[in-house]
Amino acid sequence: MQAGFKCVEVGMVREKHMVSVAMKNLIDWSVTTIVFYFIGYGFMFGTGPLSGLLGLSEFYPELSSSISGGLNKGVFLLFQMAFAGTTVTIVSGAMSERTGFVPYLTASIFCVGFIYPVMGHWAWGGLAGEAGSGWLADLGFYDFAGSTVVHSTGAWISLAGLKLLGPRIGRYDEHGNPKPLKHYNIAYTVLGVLLLWLGWWGFNGGSMLKFSFSVIEVIINTNIAGAMGCLAAYFHCKYFQNGEDIYDKLIGGALGGLVGITASANIQSPATSVVIGIASGIVHNYAFDLLSKKWKVDDAVGAIAVHGFCGATGTLLVVIAPNGDFDILRQFFVQLVGVLACLVWSVTTAWIMFRMLRKTVGLRVSPQEEREGISIFNVSESPEEPEDEEIEELLRQMR
Amino acid sequence: MTRIANVSIKKNANDYKLYTLSEFKEDFTIVDRVQLIQKGAIEFIDFDGNKIKLSEAIRLLNQA
C-alpha cells in the first residue's frame, strides 16, 4: 500500500516536489513502524480504566502471545501497522507542496501515536480480545476494514491541516477559481492506483483474519466496487461535469470505490458492491468540486474527496448489505454516529495539533522553498530585505 | 500586467502564512505593513506564483 500511495502522490504533485513527497512517504512508514509498535498499539488495543474510550496497556506488546481467535499477536500487529501507515500517508499527500518537513514529521508521530489509535479503539478496540470493545463497537458500529477508521480519519486530519495551511501559491486565479497545476506524471499515478488496488486485496481480504473462501468473495466485491467507482466517476464527469479534471476524477473514482466498499466488503454481494462503487464514484466527483471550488481547500492529491467523502459514503451504505444482520434504520443511525464521531475527533485533535506546530516548529515553508521544491533540511530564506526608498514610499502613503 | 495574488507573511522563524490580497488589506493596517516590510517579513506574489519586487508591489497596492 505504501508503494502505491507513494506513486499516486508523486505523480500528482509538480515535478519540483516529487522528491520531498517521496521522502515523506518513506518517513511515514518509518514513523509508523516505530510509533505504532511502542505507543499506538497500546492506545488502540490495550485495556485499562478508560477502556472503551482509550486503551492504556499493551504498549510494546509481547509478540509471541495470541489474540482472540488464536491469531499470533505479531501477525496482528503487522497487519494493523499497515492500516496505521495508510492513515498517515493520506495526510502527507493532501498537504504536500507547502508543508515543512519537520512539522510534517512531528504531525505523523502524533497521528499514528494518538489520533488514529483512539479512533481505532472506539471501533476496533475489542478485536484483539484484550478488553471489552470500544464505545462505537458497543453501539453496533460496523466498519469491516476501515472506510471510516482508517481512511476518513486520515482525510479529516488533512482537512484541518489544509484549512490552517492555505492553498499552494498560484492555485487560484484572481476570481478565486482553481487553476490546474501541472501533475508530474499521471501515468505514474495510475501505476500507484493499480499497486494500491492490489494492496486492497490484502487489506480487505486480510481483514477476515483467516483464509477461507470468504476471502475470495471479499476480494471480488472489492474489485467490483473499485471498477464501478472508476467507471461511474469517468462517465459522470464526462456527461455531467463537462469533463473538468477528468483524470483526477477517474483516478479518484477508482480509489473512492475501493474506499467505499472497505466498510462492508465481507457482507455485500457483487450487486450491492456495484451500487457502492457507483455511489462512491459520483460522490467523489461532487466532493472534489466542492472542496476545490467552493471551500477553496487545496488538496494536492484529492485525498479528502477519496478517503473522507467516499469513506463516509461506504460506511453509511453498509446498511444495504444483503448479508447484514441488523435493523436498517437503527444501523444507519449508528453508522452516522460513527462517521460524525470520526469527523469531530479527527478535525478537533488535528486542529489543535497543527496550531501547536505552527506556534513551535512552524507549518508552512517559505514562498521561495515552495517555488523551488521543499528541502528535507528545511532550508529557507527570508523574503528580501527592503530598500530605504521602499520604506519611504510606504511612509508617504501613511501621511 | 502584474497583479498581486497573494501576500506571504513570515509569522516566525519557521512559519509562513499565505493571504489573498483582500485578506491582507483587511487584516493589516498601513502601520502593520510598514513594520512587516522593515522586518523583511513580507513577500508579494503574482497570479503565476512569481515574486513581485517590493517597489512594484507598493505601487500596485497604491493603485488598488
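The radius of gyration used here is taken over C-alpha atoms, and the globule rule is 2.2 Å times the number of residues to the power 0.38. With 399 residues, a compact globule would have a radius of gyration near 21 Å, and chain A has 21 Å, which agrees. The structure is a predicted model, in which local features need pLDDT of at least 70 and side-chain atom pairs count only at pLDDT 80 or more, while totals for chains, interfaces and linings use all residues. Residues are numbered from 1 along each chain as its sequence is written, and chains are lettered from A and ligands numbered from 1 in the order in which they are written.

**Chain A**

- Chain A holds 14 helices and zero strands, where helices (H or I, at least four residues) and strands (E, at least two) are DSSP runs numbered from the N terminus.
- Along its principal axes, the C-alpha trace of chain A spans about 75 × 50 × 35 Å.
- Of the 399 residues of chain A, 54% count as buried; a residue is buried if 20 or more other C-beta atoms, placed from the backbone, lie within 10 Å of its own, exposed if 12 or fewer, and partly exposed in between.
- Among the contacts in chain A between residues at least 6 apart in sequence, 75% join residues at least 24 apart, a contact being two residues whose C-beta atoms, placed from the backbone, lie within 7 Å.

**Nonpolar cores**

- The largest nonpolar core has 104 residues, and those with the most contacts inside it are A:A94 and A:C111; such a core is a set of buried Ala, Val, Leu, Ile, Met, Phe, Trp, Tyr and Cys residues joined through C-beta atoms within 7 Å.
- The largest share of this core, twelve residues, comes from helix α4 (residues 101-124) of chain A.
- Leaving aside its neighbours within four places in sequence, A:C111 is in contact with A:T87, A:V88, A:V91, A:Y116 and A:I157.
- Apart from this core lies another one, of 18 residues, and among them are A:I374, B:V7, B:Y16 and B:F24.

**Chain B as a whole**

- Chain B has three helices and four strands, which follow the pattern β-β-α-α-β-β-α when read along the sequence.
- The radius of gyration of chain B is 11 Å, close to the 11 Å that the globule rule gives for 64 residues, so chain B is as compact as a globular protein of that length.
- The C-alpha atoms of chain B fill a box of roughly 35 × 25 × 20 Å, taken along the principal axes.
- Buried residues make up 34% of the 64 residues in chain B, and among its contacts between residues at least 6 apart in sequence, 50% join residues at least 24 apart.

**The sheet of chain B**

- Strands of a sheet pair through backbone hydrogen bonds, either parallel or antiparallel.
- In chain B, four strands form an open sheet in the order β2-β1-β3-β4, with antiparallel pairing; two strands count as paired if DSSP finds at least two bridges between them.
- The edge strands of chain B are β2 (15-20) and β4 (51-52), each of which pairs on one side only.
- A hairpin joins β1(B) to β2(B) through two residues, and six bridges join these antiparallel strands.
- Five bridges join strand β1 (residues 4-12) of chain B to strand β3 (residues 42-46) of chain B, and the two run antiparallel.
- B:I9 stands opposite B:K17 in β2(B), and its bridge partner in β3(B) is B:I42.
- B:S8 stands opposite B:E43 in β3(B).
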